[in-house]
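These entries record what I looked up in the structure shown below. I began with aromatic side chains and went on to cores and surface.

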Amino acid sequence: RVLVTKGTWAMSPNRSLVQVPGVDGNSYSQYGPAQSLGAVPWTAAGLLVGNLFPKDQAGFPLRLILGTYNALIAASLVALFSALGAALGYSRKATIVGALALGFCTFLWPPSRTFFSEPLTALALFASFYLALIGASPNSSATARVNLRLVASGALFALALAAKVQYVVALPAFIIYVAWRGGQAQLPTKSRVTTLNLLTWLLGLALGRLPRCFANWRLFGHPF
């Protein structure tokens with residue numbers, strides 16, 4: 001809310017929240033900015049609608065509109081899960097059943113009704129894996145389109161880190177997978193394709209991480 005109304009990440013000191021002091025003396029959240037930044041349009045819409053209500057009821061439209069944020073992210077994740085299953089070669093029926101199971105039979109459902117950042121993190125990770133899957137396909141030639149998919153894959157992984165940095169533990173698995181997919185190519189220059197795919201993915205990761213590093217440097221005096 002402060003980001004929309006005042007255009008700043010600074011928070012009022014609050015002992016009930018885990019805050020980190022910045023170099024400017026203000027307090028900032030210890031959590032990644034991706035969740036709050038992505039919800040800016042929802043927050044702005046909620047505040048605008050809230051102005052149409054009496055002051056003691058203005059918070060209800062904000063909570064109602066903001067409550068759709070994670071719901072839409074969860075729905076997007078379910079659709080992406082289905083597309084990922086199809087890309088892996090599963091039948092249409094299997095992908096639909098799997099997607100419905102993800103949406104209604106897992107812990108995705110409860111967080112979709114909150115403002116937790118887990119749905120956004122999951123969506124970014126799944127999207128990153130999906131683009132790595134099709135971008136580093138052994139049947140794909142090393143075209144600019146394929147490289148852009150890998151760049152986008154790396155950038156989406158950076159987005160996941162901007163939501164919850166704890167998921168950096170998945171980085172080695174992604175690197176190994178991208179390298180392995182490139183090694184599956186039936187080409188005489190297999191090692192070159194593997195190296196190119198890996199460097200392209202890491203380029204996307206670096207580009208996606210740059211804004212966060214710059215923000216950390218401005219707020220806390222270091223990029224990490």
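Entry 1: I worked on a predicted model.

**Entry 2: aromatic pairs elsewhere.** I recorded 11 aromatic pairs. For Phe 129 and Tyr 177 I noted ring centres 5.0 Å apart and planes at 45°, so this pair is tilted. The pair links distant parts of the chain, since Phe 129 belongs to helix α6 and Tyr 177 to helix α8 (residues 171–183), 48 residues apart. The pair of Phe 214 and Trp 217 is tilted, with 6.0 Å from centre to centre and 40° between the planes.

**Entry 3: the nonpolar cores.** Which residues touch the most other members of the largest nonpolar core? Within its 16 residues, I listed Ala 34, Tyr 69, Ile 73, Leu 77, Leu 108, Leu 120 and Leu 123. Helices α4 (59–87), α5, α6 (118–135) and α7 (144–163) each supply at least two residues of this core, and α4 gives the most, with 6 residues. Another core, of 15 residues, lies apart from it and includes Leu 161, Tyr 177, Trp 201 and Leu 205. I looked up Leu 77 separately: beyond its neighbours within four places in sequence, Leu 77 is in contact with Leu 102, Leu 108, Ala 122, Leu 123 and Phe 126.

Entry 4: Thr 121 is placed in helix α6 and counts as buried at 1% relative accessibility. Not counting residues up to four places away in sequence, Thr 121 touches Ala 160, Ala 163, Lys 164 and Tyr 167. Ser 128 also lies in helix α6 and is buried, with a relative accessible area of 0%. With the same exclusion, I found Ser 128 touching Ser 153, Leu 156, Phe 157, Phe 174 and Trp 201.

Entry 5: I noted a nonpolar surface patch of about 430 Å², made by Ile 96, Leu 100, Phe 104 and Trp 109. Leu 100 is found in helix α5 (residues 92–104) and counts as partly exposed at 45% relative accessibility.

Key: Residues are numbered from 1 along each chain as its sequence is written. This is a predicted model: local features need pLDDT of at least 70, side-chain atom pairs count only at pLDDT 80 or more; totals for chains, interfaces and linings use all residues. Side-chain values use heavy atoms; hydrogens and water are left out. Patches are made of residues with over 30% relative accessible area and no salt bridge: like charges are joined within 9 Å, nonpolar side chains (Val, Leu, Ile, Met, Phe, Trp, Tyr) within 5 Å. Accessible areas come from the Shrake-Rupley method with a 1.4 Å probe; for residues, only the protein chains shown count as cover. A salt bridge is a side-chain nitrogen of Lys or Arg within 4 Å of a carboxyl oxygen of Asp or Glu. Helices (H or I, at least four residues) and strands (E, at least two) are DSSP runs, numbered from the N terminus. Buried means under 20% relative accessible area, exposed over 50%, partly exposed in between (1.4 Å probe, protein chains only). A nonpolar core is a set of buried Ala, Val, Leu, Ile, Met, Phe, Trp, Tyr and Cys residues joined through side-chain atoms within 4.5 Å. Contact means heavy atoms within 4.5 Å. Rings of Phe, Tyr and Trp (its six-membered ring) pair if their centres lie within 6.5 Å; planes under 30 degrees apart count as stacked, over 60 as edge-to-face and the rest as tilted.
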